[in-house]
Amino acid sequence: LFQTLKFLIIRPGFLTNEYWSGKRITYLPPFRIYLLTSILFLIIPHPDYQHRADEFFPLLQRGFFVLMPCMAFILLILFRKNNLLFFHHFITTLHFHSFMFLMFTIGKLLYFFNKEIPIVSNISNIVTIIMLIYLFLMLKNIYIESVTKVVIKFALLICIYAALLLITVFIIGTYLKQL
């Protein structure tokens with residue numbers, strides 16, 4: 001567990017490449033990592049605006065879960081010249097979402113314990129920047145293309161994914177309120 005989390009945090013794309021190359025016994029499987037990090041994210045309460053956070057974070061988590069196959073499909077299209085299967089891109093997506101949930105969890109914990117420190121009060125911005133840098137490095141390390149190509153594909157991925165996330169959270173939120 002600790003070795004897997006260490007590599008998930010400090011080496012973007014490493015676990016994905018290891019999994020693709022068949023080195024699966026040494027590390028936790030991608031779905032278990034995702035399950036662990038998403039559960040951690042969900043069970044740790046958000047310190048402020050508790051009622052609103054209790055409604056929003058489960059929606060966000062469901063939205064991410066619904067969008068994982070969409071992100072894998074977008075990667076399949078963007079990196080089609082790499083001749084990888086949908087499964088390969090889905091593993092990439094699982095690892096990235098695991099990292100996201102881990103960063104969200106760490107951000108919630110930092111804010112909970114140290115919200116008076118100025119840098120911690122901006123933790124959501126810092127976490128977002130870290131995740132974007134991580135995703136870029138992950139794509140660069142996994143798909144091994146030029147920086148220019150990765151920048152363009154990264155920008156397309158972020159734009160499409162952000163739009164889909166907003167739509168998904170809105171639809172899930174509307175549906176749950178009707179229940």
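# Helices, core and aromatic pairs in a predicted model

The charged end of arginine 24 lies over the ring of tyrosine 19, at 4.1 Å from the ring's centre. This arrangement, like everything described below, comes from a predicted model.

**Charge over a ring**

- Lysine 6 has its charged end over the ring of phenylalanine 7, at a distance of 4.8 Å from the centre of that ring.

**Helix α3**

- Helix α3 runs over residues 30-43, and its 14 residues reach 20 Å from the first C-alpha to the last, which is close to the 20 Å expected at 1.5 Å a residue.
- Its buried residues are Pro30, Ile33, Tyr34, Thr37, Ser38 and Phe41; because these cover an arc of only 120° around the axis, they lie on the same side of α3.
- On the face of α3 turned away from that buried side, the exposed residues are Arg32 and Ile43.

**Helix α7**

- Helix α7 takes in residues 123-143, and its 21 residues reach 30 Å from the first C-alpha to the last, again close to the expected value, here 30 Å at 1.5 Å a residue.
- The buried residues of α7 are Ile123, Val127, Met131, Tyr134, Leu135, Phe136, Met138, Leu139, Ile142 and Tyr143.
- Isoleucine 130 also lies in helix α7, but with a relative accessible area of 36% this residue is partly exposed.
- Leaving aside residues up to four places away in sequence, isoleucine 130 touches Phe99 and Met103; methionine 100, which is 30 residues from isoleucine 130 in sequence, is 9.4 Å from it in space, C-alpha to C-alpha.
- Just after α7, isoleucine 144 takes a positive phi of about 45°.

**The largest nonpolar core**

- The largest nonpolar core has 48 residues, and those with the most contacts inside it are Leu8, Phe64, Phe104, Leu139 and Leu157.
- The elements that give two or more residues to this core are α1 (2-10), α2 (14-20), α3, α4 (50-78), α5 (86-114), α7 and α8 (147-178).
- Leucine 139, when residues up to four places away in sequence are not counted, touches Leu75, Phe79, Ile144, Val150, Phe154 and Leu157.

**Aromatic pairs**

- The structure holds 18 aromatic pairs, one of which is formed by phenylalanine 41 and phenylalanine 104, a tilted pair with 5.5 Å from centre to centre and 40° between the planes.
- Phenylalanine 154 counts as buried because its relative accessibility is 17%, the cut-off for buried being under 20%.
- Ring pairs also join Phe31, Tyr34, Phe41, Phe64, Phe65, Phe101, Phe104 and Tyr161 into a cluster.

Conventions
Residues are numbered from 1 along each chain as its sequence is written. This is a predicted model: local features need pLDDT of at least 70, side-chain atom pairs count only at pLDDT 80 or more; totals for chains, interfaces and linings use all residues. Side-chain values use heavy atoms; hydrogens and water are left out. Helices (H or I, at least four residues) and strands (E, at least two) are DSSP runs, numbered from the N terminus. The expected span of a helix is 1.5 Å times one less than its number of residues. Buried means under 20% relative accessible area, exposed over 50%, partly exposed in between (1.4 Å probe, protein chains only). The arc is that of the directions from the helix axis to the C-beta atoms. A nonpolar core is a set of buried Ala, Val, Leu, Ile, Met, Phe, Trp, Tyr and Cys residues joined through side-chain atoms within 4.5 Å. Contact means heavy atoms within 4.5 Å. Rings of Phe, Tyr and Trp (its six-membered ring) pair if their centres lie within 6.5 Å; planes under 30 degrees apart count as stacked, over 60 as edge-to-face and the rest as tilted. A charge sits over a ring if NZ of Lys or CZ of Arg is within 6 Å of the ring centre and within 35 degrees of the ring normal.
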